[in-house]
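This report describes a two-chain model, region by region. The sequence and structure come first, and the text follows.

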Amino acid sequence: MLHERRRYVVLRWTLLLLGTVLFLLPFALLLRGAFSSEGDLTSGTWHWLPPTWEWGNLAAVLDNRTVPLGRALLNSTLIAVSQTVGVLVLSGMAGYGLARIPYRWSGVVFWLITVTLLIPAAVTFVPSFVLVSSLGWISTLRGLIVPGLFQALATFLFRQFFLSFPREIEEAAALDGLSWWGTFWRVVVPNSGGFAAAIGTITFIGSWNAFLWPLVIGRAPESWTVQVALSTYLTAQTSQVSLLFMAALVAILPLLLMFLLLQRWIVQGVERTGISE
Amino acid sequence: MLARLRGRHDVNLWFWVFVGPFFAGLVLFIYVPIGWSVYLSFFEAYNTVTPTEFVGLANYRDMLADPAFRDSLLTFVVFAAFIVPTTFALSLLTALLVARTRVMQAFFRSVFFLPVACSYVVAALIWKMSIFSGMRSGAANALLGLAGLDPIPWLSLTNPPWYWLVIVSARLWLQVGFYMILFLAALQRVPTNLYEAAAIDGAEGWQVFRHITWPQLLPASTAVLLLLLINAFQAFDEFYNILAGFGGYPPYARPPLVYLYYTALGSGQNFGDGSAGAVILTVLIAVVALAQTRLLRLGGRD
């Protein structure tokens with residue numbers, strides 16, 4: 001496109017390669033820790049690569065005794081999947097209703113939804129804890145899942161998306177005698193896959209990596225998520241460090257795989273949720 | 001036209017079929033807790049979430065008079081002063097670098113974006129146990145050892161406060177990719193004819209950035225800055241996981257949410273004070289968010 005001077009090209013490539021090394025280094029250190037023996041990790045000398053590769057760490061984590069992770073992985077999966085599906089259904093439907101159904105008080109309802117965007121959920125964790133504990137939902141999957149189902153930002157974004165959906169298609173569906181319900185599920189939803197994938201992947205990542213809410217609600221060990229379990233072992237420093245690294249590697253593998261396979265949708269999700277226009 | 005085909009009478013019903021489930025949940029899990037907390041903040045509530053004795057504004061006085069609460073706001077200011085400019089500069093730089101390269105562009109974008117997949121807990125583990133371990137076997141101390149320097153206890157030292165380096169670099173690594181994507185999207189919206197015109201005028205390098213790219217990035221930059229500020233205000237995960245240890249959380253470096261966590265859910269279980277603190281923080285953040293929407297609207301107009 002533009003002519004670039006040689007020194008700019010050299011500078012750009014130097015910075016890109018330096019950045020690549022620095023940004024991949026923590027992942028390399030995670031791998032190194034996960035496959036090191038405990039003795040090599042805590043000995044006084046630094047090794048870039050494990051002097052001996054300790055493949056037994058993987059089996060030690062998966063056998064679920066020293067670092068119990070199985071239940072936490074199951075909890076995290078249940079929470080992330082149900083929150084992703086729940087947010088897509090609830091916010092998708094609400095967004096469609098707000099965009100298309102000419103209800104008289106629609107504007108007021110929309111305002112009441114968007115005004116909550118001014119308050120980030122993390123800041124209100126004490127009020128939410130008070131409510132959830134009086135419902136008797138402490139240390140339950142319900143308490144971990146349900147409060148996260150109502151995402152005003154997702155509803156707002158779905159509404160904007162449906163406003164730009166071609167009306168002609170919906171009008172044709174209405175002429176065919178479909179109700180709002182039929183139009184939404186049979187005509188609109190099948191044509192919104194890309195947008196739903198963008199919102200869905202971002203919701204899944206946020207849910208899998210969530211920490212403060214699961215820490216506050218998941219008090220009993222049976223209700224720990226992967227993040228809370230890792231954090232407990234990390235802050236109590238009771239487990240072997242090498243097994244902790246292996247557990248962390250197991251915990252981020254699902255998301256790393258997702259990033260490699262679905263990056264296109266995740267990027268769109270970030271673009272949509274980052275700056276809402 | 002759609003409404004006419006279906007008849008007006010069932011519009012109300014259908015609206016609530018679509019919006020009702022979401023709206024009911026929003027009211028129950030956002031409006032009710034906040035309302036309850038405002039109510040609770042005027043009462044004594046130790047170890048219980050039901051109010052016991054009306055105390056008026058005493059909880060608010062407690063919180064505002066508590067040096068630890070004011071310290072937590074100061075900790076936020078220091079944290080924001082470190083993390084906001086560094087993330088802003090680094091994510092803009094990586095976006096410009098990635099946008100300019102045509103060879104392996106997707107690869108470099110993925111490299112900078114990949115840490116977004118990592119949780120704060122896992123990053124805290126790597127930072128605490130591998131990079132900034134206080135022992136000689138930590139990566140940073142091993143590098144210092146090569147230079148003939150003594151190992152530094154990165155997390156337990158308050159003078160100089162090296163823990164800021166640990167906290168800030170961890171969040172930097174985790175979030176730069178996210179904001180880079182926002183800048184990349186904004187860069188793509190810059191009309192190419194502006195660059196062509198600049199090239200005809202003989203502008204290059206820094207001049208092009210200064211006079212063409214930067215003015216076009218201004219709305220996105222404002223949004224990124226305020227997003228960074230709001231996210232810094234909510235910082236909890238990396239502070240808790242990096243600094244809390246066997247002996248509990250150290251008395252220093254407690255941002256607002258960490259402070260609130262130990263007030264409301266620590267040994268005290270003081271929900272009256274905790275609620276008052278949550279209300280104060282909510283008002284503070286809402287003011288910032290309102291300022292954001294105002295600023296953005298102003299930015300959008302010109």
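B:Met104 lies in the loop between α4 (67–100) and α5 (105–113) of chain B; helices (H or I, at least four residues) and strands (E, at least two) are DSSP runs, numbered from the N terminus. Phi of B:Met104 is near 60°, a positive value in a residue other than glycine. With 13 C-beta neighbours inside 10 Å, B:Met104 counts as partly exposed. The scale calls a residue buried if 20 or more other C-beta atoms lie within 10 Å of its own, exposed if 12 or fewer, and partly exposed in between, with C-beta atoms placed from the backbone. The model is predicted, and local features need pLDDT of at least 70, side-chain atom pairs count only at pLDDT 80 or more, while totals for chains, interfaces and linings use all residues. Residues are numbered from 1 along each chain as its sequence is written, and chains are lettered from A and ligands numbered from 1 in the order in which they are written.

A:Ser139 also has a phi near 60°, a positive value in a residue other than glycine. The loop that holds A:Ser139 runs between α6 and α7 (141–145) of chain A. A:Ser139 has 16 C-beta neighbours inside 10 Å and so counts as partly exposed. In chain B, the peptide bond from B:Asn159 to B:Pro160 is cis, with omega near 0°. B:Pro160 is in the loop between α7 (139–146) and α8 (163–188) of chain B. Most residues other than glycine have a negative phi, and most peptide bonds are trans.

## Two further loops

B:Gly138 is in the loop between α6 (120–131) and α7 of chain B. It counts as buried, with 23 C-beta neighbours inside 10 Å. Not counting residues up to four places away in sequence, B:Gly138 touches B:Ser130, B:Ile131, B:Phe132 and B:Ser133; two residues are in contact if their C-beta atoms, placed from the backbone, lie within 7 Å. B:Lys128 is 10 residues from B:Gly138 along the chain, and their C-alpha atoms are separated by 8.9 Å.

In chain A, the loop between α9 (167–175) and α10 (180–188) contains A:Leu178. With 18 other C-beta atoms within 10 Å, A:Leu178 is partly exposed. Leaving aside neighbours within four places in sequence, A:Leu178 is in contact with A:Ala173, A:Thr183 and A:Arg186.

## Domains of chain A

Chain A is divided into domain 1 (6–62) and domain 2 (70–274), with bounds from an automatic or database domain assignment. The centres of the two domains, taken over C-alpha atoms, are separated by 32 Å. Domain 1 gives 14 residues to the contact and domain 2 gives 10 residues. On the domain 1 side, the elements that give two or more residues are α1 (6–34), α2 (38–42) and α3 of chain A. That side divides into seven nonpolar, five polar and two charged residues. In this classing, Ala, Val, Leu, Ile, Met, Phe, Trp, Tyr, Cys and Pro count as nonpolar, Asp, Glu, Lys and Arg as charged, and the others, Gly among them, as polar.

A:Leu58 is found in helix α3 (residues 56–62) of chain A. With 15 C-beta neighbours inside 10 Å, A:Leu58 counts as partly exposed. A:Leu58 and A:Leu118 are 60 residues apart in sequence and 44 Å apart in space, C-alpha to C-alpha.

## Largest nonpolar core

A nonpolar core is a set of buried Ala, Val, Leu, Ile, Met, Phe, Trp, Tyr and Cys residues joined through C-beta atoms within 7 Å. The largest has 163 residues, of which A:Leu230 and A:Ala248 touch the most other members. Its largest share, 16 residues, comes from α14(A). Domain 1 (6–62) and domain 2 (70–274) of chain A both give residues to this core, so it lies between them. Not counting residues up to four places away in sequence, A:Ala248 touches A:Leu30, A:Leu230, B:Val122 and B:Leu125.

## Interface between the chains

The contact takes 83 residues from chain A and 85 residues from chain B. Helix α14 (residues 241–274) of chain A gives the largest share of the chain A side, 13 residues. By class, that side has 56 nonpolar, 23 polar and four charged residues.
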